[in-house]
Amino acid sequence: VIVVAGGVGGSQTSFGMGGIIVKGLIERAGFAAEAERFMWTTFVNSLIAETAIFLIAYVVLGGYKIKALDIEKPRPFNREQRINLILIISSLLIIIVPSVLAILYPKAQMVSLLRKQVDVAFVAVIAAILAFFFKIGKEKEVLSKVPWGTIILLCGMGILIDVAVK
């Protein structure tokens, strides 16, 4: 329950699929200036709701009765894992910092311009290209694990939403 609730709540951020969809719909509806604020409001509301769901499930399902497990200490990160972690953290910072600065300093034109220029898909593609150049994984193995059905489903949903908006 905590994994699903955390995933649903976290997906409403500016770098999560739900947040991107909400922001895009609000922008297309003619409220581009307020889209960022509405997206963050949706995130906070989702976070509150998912936390409540988790707490209820924790109490009802008896999560407080679970005993701690003895597990062995994980091995230190290897080269590929360290590079991947750096790429992920860097990508998140590039995406999140301008949005947070725009909320903290709404009248700063430079921050607003920077926020508008940061595109989640572009940052992700650059990170993927860097991962390819650093030879983090095997391309064929990685491509075989991509959930192509889900991607096609989301693209189709995007088309349907565009049709509905028009």
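My entries follow, from the whole chain down to single side chains.

**Ground rules.** I am working on a predicted model, where local features need pLDDT of at least 70, side-chain atom pairs count only at pLDDT 80 or more, and totals for chains, interfaces and linings use all residues. Numbering starts from 1 along each chain as its sequence is written, and side-chain values use heavy atoms, with hydrogens and water left out.

**Fold.** I looked up the secondary structure and found eight helices and zero strands in the protein chain. Here helices (H or I, at least four residues) and strands (E, at least two) are DSSP runs, numbered from the N terminus. Read from the N terminus, the order is α-α-α-α-α-α-α-α.

**Overall dimensions.** I checked the radius of gyration, which is taken over C-alpha atoms. The protein chain has 19 Å, while a compact globule of 166 residues would come out near 15 Å; that globule rule is 2.2 Å times the number of residues to the power 0.38. Along the principal axes, the C-alpha trace spans about 55 × 45 × 35 Å.

**Surface and contacts.** The chain exposes about 12700 Å², with carbon and sulfur atoms supplying 72% of it; areas come from the Shrake-Rupley method with a 1.4 Å probe, and for residues only the protein chains shown count as cover. I noted that 20% of the 166 residues count as buried. My cut-offs: buried is under 20% relative accessible area, exposed is over 50%, and partly exposed is in between (1.4 Å probe, protein chains only). Of the contacts (heavy atoms within 4.5 Å) with a separation of 6 or more, 64% are between residues 24 or more positions apart.

**Salt bridges.** How many salt bridges does the structure hold? I get three, a salt bridge being a side-chain nitrogen of Lys or Arg within 4 Å of a carboxyl oxygen of Asp or Glu.

- Arg28 pairs with Asp162, closest N and O atoms 2.9 Å apart. Arg28 sits in helix α2 (residues 17-28) and Asp162 in helix α8 (residues 148-165), so this pair ties together parts 134 residues apart in sequence. Arg28 is partly exposed at 48%, and Asp162 is partly exposed at 29%.
- Glu80 pairs with Arg79, and their closest N and O atoms are 3.7 Å apart. Glu80 is partly exposed at 29%; Arg79 is partly exposed at 40%.
- Lys145 pairs with Glu141, with 3.6 Å between the closest N and O atoms. Lys145 is exposed at 61%, whereas Glu141 is partly exposed at 41%.

**Ser91.** Is serine 91 buried or exposed? Buried, with a relative accessible area of 14%. I place Ser91 in helix α4 (residues 79-104). Its side chain reaches the backbone oxygen of Leu87 at 2.8 Å. Leaving aside neighbours within four places in sequence, Ser91 is in contact with Val123 and Ala127.

I zoomed in on Phe133, which lies in helix α6 (residues 120-133). Phe133 is exposed, with a relative accessible area of 59%.

How values were computed: A polar contact is a pair of N or O atoms within 3.5 Å; within protein, one must be able to donate a hydrogen and the other to accept it, and residues adjacent in sequence count only if both atoms are side-chain atoms.
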